[in-house]
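Here are some notes for a colleague opening this structure for the first time. Please read them with the sequence and the model side by side.

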Amino acid sequence: MSRQLKDIESYERKVRPIYDALDSRNWKGALKLCQQALQKYPEDQLIKVLKAIGLDRSGKREEANQVVDEVTATTPMDEQVLRLAAMVLRGSGRLAAITSMYEAAAAAAALQGPGQAELAQVLLNDVFGAHVRESNFVKQQQVAMKLSKASGLAVGAAGVSSERYSWWMVLSLLLQARAALRARASGRPAPPGQVPAVALEPEKMLALAEGMMSRQASKDKKLEGYDAFMVYVDVLLAQGKIAEALALVTGPLGESCIRLPAERLQLRAVLAALSGDLQAGAEALAEGLRLNPDDWGALLLLLDCLLPGTVQMQMAATSTGTMQVFTPQHPLILISGGLAEQLPPRGAPLPAGKWLAGRAATGGSGNGGATADAFQRAEGLLKELQALCVQTSTSPASGPGQGGDGKPMIMRGPDLALVELALRRHRGAAATASAGSDTEAAVVDAVLDYFHKYGDLVSCAVDLRTYVAALGPGASERLAAGLAEAADVAAGAAAAGDKREALKALRRQVCAAQLRDELGLPRLEGCGPEAALQAAQQFTTLYATARPLQEDLDSRERGAADELPALAAAALVSAAGAAPSDVEAVPYMLAAYGTLADALRDRPYGAAMRIAAAELAALLAAPAAAAAHVYKLDVKHVQMDTLASHLLLPPLLTWPSSAPPPPAGPAAQNPGEAAPAASTSGSGGPSPLLAKALSDTRALFEDHGRDAGETLFTAYSHGMYTKVLEFTAFRERLADAHTFSLVRAEGAIADCLLRGAAAPGSGGAGAAATSDAALSADAIRAAALAAVKSVKATDVPSKDSLRFNWDLTTRPTWSPPCAAGPSLQPLQWWSSRPACARAQGYGRRWWSAPSSAEAAVPEAEAWRAAQAAAAAHRWLLPHCIAGALGATGPEVLELRETVGRLQALLDAPSTSVPASSPGSAPVTLCDERALRRLDVQLYQAALAVQEELSQAAGTTNGSDDAGPEVSAPSSGPALSEAVGAIHRAAAAATSRLSTEAAAAEAWGGLLPGGNLAQLAHLLREPMTILAACLQTWQATSRALQKKRGKAAGGQDARLHKLAADVAAAAEELGAAARSCGDALSSLKATAAGRAASANEALLGYLQERGAGPFGDGARAALAALAREQELTLAALAQAATAVAKLAL
Amino acid sequence: MAEGPGKQAMGYILGKAEGEGELWHGHVTAVTVGPDFRRQSLAQKLMDILEEISDKVHNCYFVDLFVRKSNSVAINMYAKFGYIVYRTVTGYYSGDEDAYDMRKALRRDAARKSVVPLKKAIRPEDLEWE
């Protein structure tokens, strides 16, 4: 055996066990083996990077990076070494370091001449990937060009063909065009590297890309495949070249690239419609539907083409004014993540002839743009498709309606399309003002027909929601009567039939109940609590009939009547909405909570029930219970953004809690039924629940930002070009997410306040906060100085820079998305309770449609504006806190500017949807704007005091000549006004709370959350910050007085006055905090002193009023809720004491 | 993604084509139907689409999927769609649970060689494609 071979074997013997140890996650062992191996091979790069991996995995990130830096300094070229080094760097977010590492390696390989050409090519491939990670579209394109030139015709060294490299160029160019379009639309410059240094019009870039694609297509007479073809179509559409796109699809390239005929047909249909040839579109769609009649998207598009005047119109602004355009929505087009959407002309102008003819025929007011003939043709076609469904589903041969087990498949599309058609006809008739009662009756009949056919499907109520929501009061009554009758028949059948039939009959009854609720019937609003209690009773009675029918049902499967407890709870909350005062609303909310808790014992994964329970717990000052319900939903990944953020952040930001995070998923047995143990740490201690929620949510965005590059590079490598565009758009969407701004801002605020800051990743000031951290002005200042780093002044969120990903449809009808940011959401609910707690007609709410958070309706726009303003306010707060406490640094915005910006946010015309309805209870709670105004007042006062102090310091430093002409106005009035406002808000809440407590004794003392939330906010933020400021100012003015006393031998009257003002403010704030604290402590003591029988008293109270009966689930959950509210009271009392201590 | 009448997400299927030679196949990564839209054959419609794409677009030999051994509801459903248990993969789910590798042959595998069940269980690290 040669010496060399022996060496290799001995080397292998050292390295192999390291890999094995890493594979089995034995980091310690791996590091030990590395150490041994390095003794024999001290300079070996591979062993070093393996060591770095071991260090990284065992949490020693810094050391790992040091080792990697050592290795990269020697310009390694070995692919494996580079790959492992990149893993460590990526984990630390050092994407730029990966790029320079591969650039250096590729350059070094290129220098080694033709012998290493293959390696150079492989490394250059990795350089491309590195630019993809960094979203550097310009450099990507340059590298792709080099790769394409170097790789010749055959598949290159990296397994990528020259043709694919030229597609990489095309895509890099398209992404630059897209970035330029986005920059143009937003008015903000594109991020570095995304557009060429020499500005090029995006239209020109698109034309260039098209040129490259068409050259490729004409040269080879083929395109690489489906993805290449679809990108080609998309670029044509982006340039408004619809006819060319259509020609491409119908031509030979279309045939070779789109292998599924049905898909080609659909694309042809959509493009024909887009080009304005609606007839051709309709014909192609009908052809496709005969093969697959249950394609809902195609059915809707068919109706659009046949009845163009009934299209829900989008107005497009053009240079000559607004134009009515028809833009078919279809997954096969507009795939580029917003490329085509950004360029006019999009969509086709409606064919003037047809459209105008329709209008003229009815005197110009528009009849929906379609004639009776057209409606009849559409109806005929739908009925043909309907018949086809029946026919194929019962014929023995395998057809579109044939299930694998011989059972007919359910194909509800054409049936539902008939309901859609009836509604379109009615809308058209309504628009002409010709009496719409006949056409409305036809909608009712169509809905009933559909219900008769599909009422036993779980989706039936969801399918019909939008149609039912469109009906007027009279038609609603008729439909409700029809449904009731059908449900009665079903109930009769249920009694007679077997279990299977009984379940089906039950489903019909449930569906009828859901639809009646959608109709707002039986009417609960304005009918007193009895109606609501009765309705709830009916829902629970029906729910009880489901139990014996589904004993063997898996707990994760959907139960036949799972919708009912949530409906019952909703009915009870509407009684809470109608209650004359907040405190009288509480028993109904508790009844709702108990009802849900009982049902959740049986159906622990019922999402609607969990969400409703979480919202109730959030409103009743029980954050741990709220969190437990949300975590039971097993929320993860992107749901941290879409769901958890608006369900979890409000309770955790509103209420202090020292409860540990609940176990996620199945481990949590009966969440919300166990109260957390009493807090042992001080009020300034961390909130583990909040810390977890913030860091988990941040992790979603940060991890994706770090890792998206890998998926993207894979998509490039495999030629999945449409995915490249899609993934890029997704990466940008997450980076701009409203939630991401929120958690960064809230994390920074929590850091400043030394709450929830102990968890890793929650922000920069982690080290400053431990559970024992005393609340002191110095500690807060230091924390604020660190915290501002994560809320850069240049990145203040705005409506246009944010993406809103919240899935608002998951919210209960009675918990509408409110204008306040999450930290004030529960307070906002209470301050507009009568308007919020309306529980019926979910389908009529603007936010009940999927993606409503980004919908183009005025309510959604107002909501987004309000959310953005709230987010910006929160973003600026850490700067305010740092500035007010006198912290300065390159990252801290000057206090004057920050205050100006806060004021400007407040001055912006209020677009928030007015929440309170006329005749509602007098609003006594502060709303979000009032509290934000309080912040402005506070920081204005801080600014005034600071200026006066610094002037005093200036004069003290001997320059008496500064003179009175530049003298700052006295800060006294501003300060006393701010303290007074805070004091009044706290005192009012405290006094109302005492009154509420007395009334609440009737049902065992549970309090409403409004005044508590107001106090919680005041104590957590403005009172704490003001106390810290006062402490600082007192110290400063004392020092100044001392200095001045020595320097001038006398006292300065101004300084004396200022010191007295500050002392008086501290006195007032301290007294206010103490009085809050006393009241809260006494409430807490009363709560603690209540006998265990309090829960029985509550249940008795509720049952006496017709709620319940309640089972063990309700008992446990309500007792836990009461105990947690007691803990919240205790924590708030502690917070008040801490503020008082800090102030005095 | 199957979109419902109100643009709700009714369900989705996620898959890929992978493998070499006679092991070139379509793989079902995930198939999910929302609770509101169950019991109306939506999973089958989604599986049909994936099979058609594997067959006509990618010219695969077979389609395969992994399922928890305890998930009898899903196993029965796949069996109904024509899938057979090809083999067991021990400890596939984080070492906690075994998986069944279920397969269905496509037209290209006329001899149905891909669906002759293996008697011996394999370990996750011995899987050909992951």
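**Notes on chain B and its interface**

1. Between them, chain B and chain A bury about 2,000 Å², 54% of it on carbon and sulfur atoms. Buried area here is the accessible area (1.4 Å probe) that two parts lose on being put together, summed over both. On the chain B side, P5(B), D36(B) and Q40(B) lose the most area to chain A, together 28% of what that side buries.

2. This is a predicted model, in which local features need pLDDT of at least 70, side-chain atom pairs count only at pLDDT 80 or more, and totals for chains, interfaces and linings use all residues. Residues are numbered from 1 along each chain as its sequence is written, chains are lettered from A and ligands numbered from 1 in the order in which they are written, and side-chain values use heavy atoms, with hydrogens and water left out.

3. In contact terms (heavy atoms within 4.5 Å), 22 residues of chain B meet 22 residues of chain A.

4. The two chains share 4 salt bridges, each a side-chain nitrogen of Lys or Arg within 4 Å of a carboxyl oxygen of Asp or Glu. One of them joins D36(B) to R558(A), with the closest N and O atoms 2.5 Å apart.

5. Chain B has 2 helices and 6 strands, taken as DSSP runs (helices H or I, at least four residues; strands E, at least two) numbered from the N terminus. Along the sequence the pattern is β-β-β-α-β-α-β-β.

6. Of the 130 residues in chain B, 45% are buried, meaning under 20% relative accessible area (1.4 Å probe, protein chains only).

How values were computed
Buried means under 20% relative accessible area, exposed over 50%, partly exposed in between (1.4 Å probe, protein chains only).
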